[in-house]
Amino acid sequence: MSELIEIDGSYGEGGGQILRTSVSLAALTMTPIRISNIRAGRPKPGLRRQHLSGIKLTGELVDASIEGLEVGSTVVSFIPKQRRGGSFNIDIGTAGSISLILQAVLPPAVLSPDSITFQIRGGTDVKWSPPIDYLRNVFTTFLRRLGSVVEIEQKKRGHYPKGGGEVICRVTPVKELNPLDLVEFDELSSIGGISHCVRLPSHVSKRQAAAATQLIRERLEIEVNIEMESYSKNDDPHLGPGSGIVLWADDVNGTRLGADSLGDRGVRAEEVGIKAAKQLVNEISTGKAIDSHLADMIVPYLAVAKGKSTIGISEVTSHLTTNLWTIEKILGTSIQLEGNIGEPGLLKIIGS
């Protein structure tokens, strides 16, 4: 067994990102780790309930021995033993983010010895995490470029505070991942999206979409195709109200940028749509191929791909720099990042 690696969870933002990436890479590379000072930078340090779900599910993929798996714990030891495929089910029990769970479990899953199916219940559209529509329509398109097929099926949405969302994720694993050479976003070809609302009048999703469409037409002079999702009052299976919109832009080569915005109490539907549209326009304007949300999500895959990857990033974020630090600590990967936080950047990674 490899020597245990110590990770300081207070580095950078001191949030849950280090925890998720550390456990994910430990499972991916079958390397034992211990993370200390977990979420030291947060008002309530230590593990929260949704972190327990992510660590537990990741551990099941590799039959891991885990210590410190309890709410409030600031130290976790994670020792992988054996890779497994098959079906896995977990209920976060709150509106905890399904997307963040998937961020942790998918890197080891795509290199699993057998096919994997996850059934996860929790929040699909919650603050501080990518909406499930972003994962379905943006993130998985880049995984396909790397050679992995991940299908995400949304069965039911879940918003804060009640949750109740359900997602099925099917992973067709591969033996190795391809590197990615993708720096520039080429000529804009099309813009699509999905605007949804549940336990709310259908005009909410329509107004979000209309506002986004109008701004994009004005700024980019291109038509927009936004799917709308809503439910009649008597045929709505969701536990609580919520809304949101996810947009994406494709260039002539099929490269895709994404943006999103989540509805909130007291925020007009038009503001939600405009926020996402402005974000997408800003992403496109940088001319870079990888949007600011996607960059930190795909670097763990590039770190284990076979060869050198070079990607252009619309904005360097603290999430990205934290992830890169964690990857270097665990994998010793050669990483070169050009660009300051808040600015476009260029990232070069030599996979292991």
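Predicted model: local features only at pLDDT ≥ 70, side-chain atom pairs only at ≥ 80, totals over all residues.
Residues are numbered from 1 along each chain as its sequence is written, and side-chain values use heavy atoms, with hydrogens and water left out. Local features need pLDDT of at least 70 and side-chain atom pairs count only at pLDDT 80 or more, whereas totals for chains, interfaces and linings use all residues.

Helix α4 (residues 132-146) packs against helix α7 (residues 292-304) at an angle of about 35°, and their axes lie 11 Å apart; helices (H or I, at least four residues) and strands (E, at least two) are DSSP runs, numbered from the N terminus, and axes are lines fitted to C-alpha atoms, for helices over the stretch in contact, with angles running from 0 to 180 degrees between N-to-C directions. On the α4 side, Tyr 134, Leu 135, Phe 139, Phe 142, Leu 143 and Leu 146 meet His 293, Leu 294, Met 297, Ile 298, Tyr 301 and Leu 302 of α7, where contact means heavy atoms within 4.5 Å.

Strand β10 (residues 188-198) is largely enclosed by the rest of the structure, because 8 of its 11 residues are buried (under 20% relative accessible area, with a 1.4 Å probe and protein chains only). Strand β12 (residues 242-251) pairs with β10 in the antiparallel sense over 10 bridges, pairing being assigned if DSSP finds at least two bridges between two strands, and within this pairing His 196 has Gly 244 of β12 as its bridge partner. Strand β11 (residues 224-229) pairs with β10 in the parallel sense over 6 bridges, and Gly 192 stands opposite Asn 225 in β11.

Conventions: Buried < 20%, exposed > 50% of the residue type's maximum accessible area, 1.4 Å probe, protein only.
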